[in-house]
Each structure stands twice: as structure tokens, then as C-alpha cells.
Amino acid sequence: MAIFDPLADKALRRETPTREELRSVLAASDDDTLDAVAAAFRVRLRYFGRHVKLNYLVNLKSGLCPEDCFYCSQRLGSDADIVKYTWLRPDETRAAVDSGIEGGAARVCLVASGRGPTDRDVARLGGTIEQIKADHPSVEVCACLGLLSEGQAERLRAAGVDAYNHNLNTSSERYGEICTTHDFTDRVDTVERAKHAGLSPCSGLIAGMGESDDDLIDALFSLRELAPDSVPVNFLIPFEGTPLAGHWDLTPQRCLRILCAARFVFPDAEVRLAGGREVHLRAMQPLALHVVNSIFLGDYLTSEGQPGAQDLQMIHDAGFVAGSADDASEATIDYRDLVKSRQRGAGTDQPPNA
Ligand code: SF4
């Protein structure tokens, strides 16, 4: 029997792994990592088949945030070279949403920088969301607007929002090391408010911020208590101009082990490979699709992702299907373009491709 088969069996029975079991995944050697992926794949296959859900991010308000989350390029005092703007107009938001949906997204994630929305922000956004839902009734709308105050989750739900994202990001114990302007409990409270209002809870983490295996396990267990429907796993994009610049602590194999641990804790929840996948998994992204069942299409909030068409091609080539069973979209790259006669190196006066 392969090493991680018992963990897969447990996940298939929807039993939570022990801390020791998760440690064994996170601390596995690179040689054993494929075994963890194979075990996680059994779980993924059972609950999600070969489907990959596509989500599309729209940054409604970029940068200029008064909060100081150390990992964030939009934070207070960030020198990161990012696009900054205040709220998009409704027509700009709808145009961005339309692009994502045309690209194959089943969910659009409307995100705004800031500590949390004002009641006026919620009211204004509500009108845009109603229009989006009227134009695209089958598309899920997820809002990610920061900490919610009393009644805001209910108003978002009434406007047609399906889900709310608010990540826990790391363990409660080390939260003070990645942010000083709000705390872990604030984050938990907002996820609870969203759930209470009938919004589908989306909450995940960021790896690669100097955390230990135990921190990751603590974060996963805290998330499990919230019972999120979707769990984005981000890998730190260490922007220059932020306090975590220079944190290149992850390897593709480490990322795969973190995703496997998330899958074993959340066997039947949507585990999403989120920000940082291109940066840290690089050529190993297709392997990660054997563990996760959801990705973001195209770009992130402040950084570029690989082109959306390449995402679709990657999913197709890895043997997966973008979208649900009913609306699976196919990659449209013309393979004939891949065959090019060599015009460099030996026999030519052009430098070789070496
Ligand atoms: S994560 Fe959100 S709250 Fe924190 S600095 Fe970035 S935009 Fe602001």
C-alpha cells in the first residue's frame, strides 16, 4: 500500500485527519510527494471527477488600503508597483465581469481593497450585482469586501450575492505577525456573519509567509471549524515594496504537499489553487490539478496570471475539464501553430536555441 492511502481512505469517509497525519504530509520528502498527490487525487476524483471550476477576479478598488496586511501589495505604505484606483464604475465592473464569463468563469469574485465596505458602498454595489445576475443568471457572484458590519451580509445576499470570501490566511497564533490593524477574531466574525446571512462561505489561507507546518495545520483546523464551501490556497506573491518581499520559501513540491493537506482536511469542499500558482508551482501546475478542483482564470488582483487561454489549455492537456459537466468549455488553441521549422542554430547564421 502506498504511504498516504490510509489518509485518502479517511478523507473518503469524510473523517478529519489528525495533526500527526497532516504533519506527515507536509513534512514528506520530495520523493514521497507524488504518493501524496496520488492519494489526494483519489479524493478529488470521488467528489469532483475531472472538473475544474473557473473563477474570475475583478478588483473593484485597487490599492490605497488603510490596513497593513504584510503580504498585500495594496497595504498601507506599500511601494509595490501596482495599478491603484478607487471604485470602478458599474459599467466598468460589468465589462470586466463579462470578460471573465466569456473566458469560461462559473464564478466572478468582486473584490475591493479596504478594511470593509461602508453601507453606501454596499448599496451602490448591490445595484451592480443585480444587473450582473440579470445578465448572467447562472453565474455565481462572490463578494470580497473585507470586514462586514451588522446587516451588510444580509444586504449583499438580498442583492443576489451567492458567496462571501474572507480568508483566515494563517494560524490565529501568528496572525499578529502578518497584520496589526485587525486580528484573527475579526476575520472569523466576518465569515460567521456571511454564513449567518446565507452566503456560501469561502475562506482559505496564504502559504509561504514564514509559517511552520504546525501553523499551517492550525490554520486548516480553524478553517475546518468554519466549514467553508470553498477554500482558496494562496501562495505568497512576494511583491517588492511590501514587508514580505524576498520571501521565496516555497518549492513546487512544498506547494503540492500543502494542497494535499488541504484536500485531506476538506475532502468534498472546493479547494482552489489561488494566487501565486504560476510563480511557485511553475511547470508543476498541471500536477496540482490532481488535488484541487478550482482555479482562478487569468489575472489576480494586482499581479498578472498566465493567459486565460493557457489556463484552459493546461486543464485540457492534464486530462481535466473546465467547468461543470453541463457547460464544459474546450481549449481552442490551433495545434498546427506549434509546429515550426527550425530557422536557427546549425546550418543557419542565427544563434542556437541553447
Ligand atoms: S489584504 Fe485587504 S485589508 Fe489587508 S491590506 Fe490588502 S486590501 Fe487591505
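1. Cys142 sits in strand 3, residues 140–144. Strands here are DSSP runs of E with at least two residues, helices are runs of H or I with at least four, and both are numbered from the N terminus. Keep in mind that this is a predicted model, where local features need pLDDT of at least 70, side-chain atom pairs count only at pLDDT 80 or more, and totals for chains, interfaces and linings use all residues. Residue numbers start from 1 along each chain as its sequence is written.

2. Back to Cys142: is it buried or exposed? Cys142 counts as buried because it has 21 C-beta neighbours inside 10 Å. The cut-offs are 20 or more other C-beta atoms within 10 Å for buried, 12 or fewer for exposed, and partly exposed in between, with C-beta atoms placed from the backbone. Leaving out residues up to four places away in sequence, Cys142 touches Arg107, Cys109, Asp162, Ala163, Tyr164, Asn165 and Cys202. A contact means that two C-beta atoms, again placed from the backbone, lie within 7 Å.

3. Cys109 is one of those partners, and it belongs to strand 2, residues 107–112. Cys109 has 24 C-beta neighbours inside 10 Å, so it is buried. Its contacts, again skipping residues up to four places away in sequence, are Asn55, Tyr56, Leu57, Val58, Cys142, Cys144 and Asn165.

4. The UniProt record (unreviewed entry) has a "binding site" annotation that covers Cys109, Cys142, Cys202 and Arg272. These residues are spread over 164 residues of sequence, yet they cluster in space, with a largest C-alpha distance of 13.9 Å. A caveat on the record: its positions follow the numbering used here, feature names are shortened, and annotations may be inferred rather than shown by experiment.

5. For "binding site", the unreviewed UniProt entry also lists Cys65, Cys69 and Cys72. Cys65 lies in the loop between strand 1 (51–61) and helix 4 (90–102), and Cys72 is found in the loop between strand 1 and helix 4 too. Cys65 is buried because 22 other C-beta atoms lie within 10 Å. Cys72 has 25 C-beta neighbours inside 10 Å and so counts as buried. Not counting residues up to four places away in sequence, Cys65 touches Gln74, Arg75, Leu76, Ser113 and Gly114.

6. On the domain side, UniProt (unreviewed entry) lists residues 50–277 for "domain: Radical SAM core". That stretch of the chain is 35% helix and 18% strand, and its end C-alpha atoms are 19 Å apart.

7. Now the helix packing. Two packed helices are described by the angle between their axes and the distance between the axes. Helix 1 (residues 5–12) and helix 3 (residues 30–48) pack at about 20°, with axes 8 Å apart. That makes helix 1 roughly parallel to helix 3. For the bookkeeping, axes are lines fitted to C-alpha atoms, for helices over the stretch in contact, and angles run from 0 to 180 degrees between N-to-C directions. Under 35 degrees is roughly parallel, over 145 roughly antiparallel, 65 to 115 roughly perpendicular, and the rest oblique.

8. Which residues meet in the contact of helix 1 with helix 3? Helix 1 brings Asp5, Leu7, Ala8, Ala11 and Leu12, and helix 3 brings Ala39, Arg42, Val43 and Arg46. By type, they divide into 6 nonpolar, no polar and 3 charged. Here Ala, Val, Leu, Ile, Met, Phe, Trp, Tyr, Cys and Pro are nonpolar, Asp, Glu, Lys and Arg are charged, and the others, Gly among them, are polar.

9. Helix 4 and helix 5 (residues 119–135) have axes that come within 10 Å and cross at roughly 35°. The contact is made by Pro90, Thr93, Arg94 and Val97 of helix 4 with Gly127, Thr128, Gln131 and Ile132 of helix 5.

10. Last, a residue in helix 12 (residues 308–317), namely Asp311. Asp311 is buried because 24 other C-beta atoms lie within 10 Å. Apart from neighbours within four places in sequence, Asp311 is in contact with Ile295, Leu297, Gly298 and Gln306. Asp311 and Gly126 are 185 residues apart in sequence and 31 Å apart in space, C-alpha to C-alpha.
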